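Thank you all for coming. Please have a look at the sequence and the model on the screen, and I will then talk you through them.

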Amino acid sequence: MPLSLRPLLLSAALALAATTTAHALGGKPAVDRKTVVVGIFSDIGNLDPQVSTTVDSARSGWQLFDTLYGFDIAGNVEPRLATAHQTSADGLRYSFTLRRGVKFHDGAALTSADVKYSLERILEPETKSTRRPYFAGLIEGIDTPDAQTVTIRLTRRDGAFINKVAGYLYILPKAYTESLKTPEAFAQAPIGSGPYRLVSRAIGQQLVFERFDGYYGPKPEIEKLVFRVLPDANSRVNALLAGEVDIADDVRASDLARLRKTPGVEVQSGPAGSPLHVRLYSNVPNTPLAKREVRLALNYAIDTEAIIRNVMHGAGAPLSSFISKAYPYGALQGKGNPYGYDPARAKKLLAEAGYPNGFDTEVLCYSVYERAICEAVTAYWSQVGIRAKLKVIDPVAFGRLDNTHQSGPMNFTQFANAIYDPVHPVAGGASKAGTWSDYFNPEVEALLSTLEAESDRGKRDALFQKIAGILNEDGFDVLLSEQFFNIARDNGLQWEPQRGGKFYNFRNVRWK
């Protein structure tokens, strides 16, 4: 095909797409006005909210289940199954008053016995709960003086305990769950007290949820939710444009400009609370990354604003620190990257570290990221002499390496936050005992120790900002961008997605 014809054909194709979508969008549902169909980027692997990964429970858990406390749209804690709680003077006892009239999907009434059972189930190793590390060693015991009261006793103060309850402690029905033969059986037929109940599931294809009319809170206006599994990004966008789905999630940044110009489509893009950065294995002696000057040089060598503008198509924002501004508190308030783009300074720092000619290394790029981002970063590094071999790796392999501290010397990564308190990413990624951490800084450890017993939000904010400043000064990681979560939908839908996380909160969705 002559090159001169390609722009004309592309323009014609785009015009045709705009024409064909006119009848499929703009308030014309894929099914009907009682239903919302969502094209999702991957299947939900496990419907047991105590076992599933954070990503899975954030998508299905908020429909099927509820917690004692939850999060409002901005990530602030609010009462859910509990109407209030009291904390003892020593911070070791939390007494929750349960809401009356709450029913599970099978009609059973919620009582304190269900709450006690749910937490004890998380603590049992046989459950294989991914939430267990957040409660094991912290919970001393659980008391149920009456059907509407639960008291949780702690072994030590935990300033983020209510956030952990809101993010991790999904409440399951004791009688139903105990009636199942194995812990794994619950995921096949889950029952909760959330605004929707599961109707059917075709693995790898779709999940169907139906409104639970016995829900204790305000009833969602939408009666049926359908999650269609469409792993390919193009397929999700095409399904939206064809009127086959009402919402397409995880839209590529490269598609945003086109979709914003498409009649009947609304695009929503905002920070997911998952700062995109390059993790550095800085604790390996006699390696370049063990030197602070090298870690700082890696930051000064990159023009992050140019990458956000040109490679990420504007779907990002400069990071002021490892702590995302999408969290309700804890982030540094500076507007831009604290390092700036200064290749001359990067070269000077490398020379001071003993690498005047740079060095050879490698970096893993998790395949869910657009490869162009990883390539842009390594290209900037090459300009100052850091020759990083890029290795693209699939999610399963990356997770296996990352969870066993074998993803060095560097890797592109992000850190989601299921509890909206910065202790999740900081303790997990920047402390000596962190699950994914290969970093040790005595100042950070001391501040984390102080934070453990501090529940005052203002004081936690100040302490986290101190940690963020220390991490910046030490070149803890390579700051790239706030990770944005992009959603395209029929503009006839009224829906505000959860801020600061990839949570699917469909309690407030409706057709206009």
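This is a predicted model: local features need pLDDT of at least 70, side-chain atom pairs count only at pLDDT 80 or more; totals for chains, interfaces and linings use all residues.

Residues are numbered from 1 along each chain as its sequence is written, and side-chain values use heavy atoms, with hydrogens and water left out.

The protein has 16 helices and 20 strands, where helices (H or I, at least four residues) and strands (E, at least two) are DSSP runs numbered from the N terminus. Its radius of gyration is 24 Å, close to the 24 Å that the globule rule gives for 512 residues, so the protein is as compact as a globular protein of that length. That radius is taken over C-alpha atoms, and the rule is 2.2 Å times the number of residues to the power 0.38. Taken along the principal axes, the C-alpha atoms fill a box of roughly 70 × 60 × 40 Å.

How much of the protein is buried? Of the 512 residues, 53% count as buried, and by that word I mean under 20% relative accessible area, with exposed being over 50% and partly exposed in between (1.4 Å probe, protein chains only). If we take contacts (heavy atoms within 4.5 Å) between residues at least 6 apart in sequence, 70% of them join residues at least 24 apart.

Now to the strands. Strands of a sheet pair through backbone hydrogen bonds, either parallel or antiparallel, and here two strands pair if DSSP finds at least two bridges between them. At the S8 end, S8 and strand S9 (residues 206–211) are antiparallel over six bridges, with Arg 197 having Glu 210 in S9 as its bridge partner. Three residues lie between these two strands in their hairpin, where Gly 204 takes a positive phi near 80 degrees.

S13 pairs antiparallel with S17 (residues 477–481) over four bridges, where His 277 has Leu 479 as its partner. Four bridges also join S13 to S16 (residues 410–413), again antiparallel, and there the partner of Arg 279 is Asn 411.

Helix H9 (residues 292–300) is mostly covered, with seven of its nine residues buried, including Val 294, Arg 295 and Tyr 300.

Finally, Thr 130 sits in the loop between helix H3 (112–123) and helix H4 (132–135). Is Thr 130 buried or partly exposed? Thr 130 is partly exposed, with a relative accessible area of 33%. Thr 130 and Thr 53 are 77 residues apart along the chain, yet their C-alpha atoms are separated by 6.6 Å.
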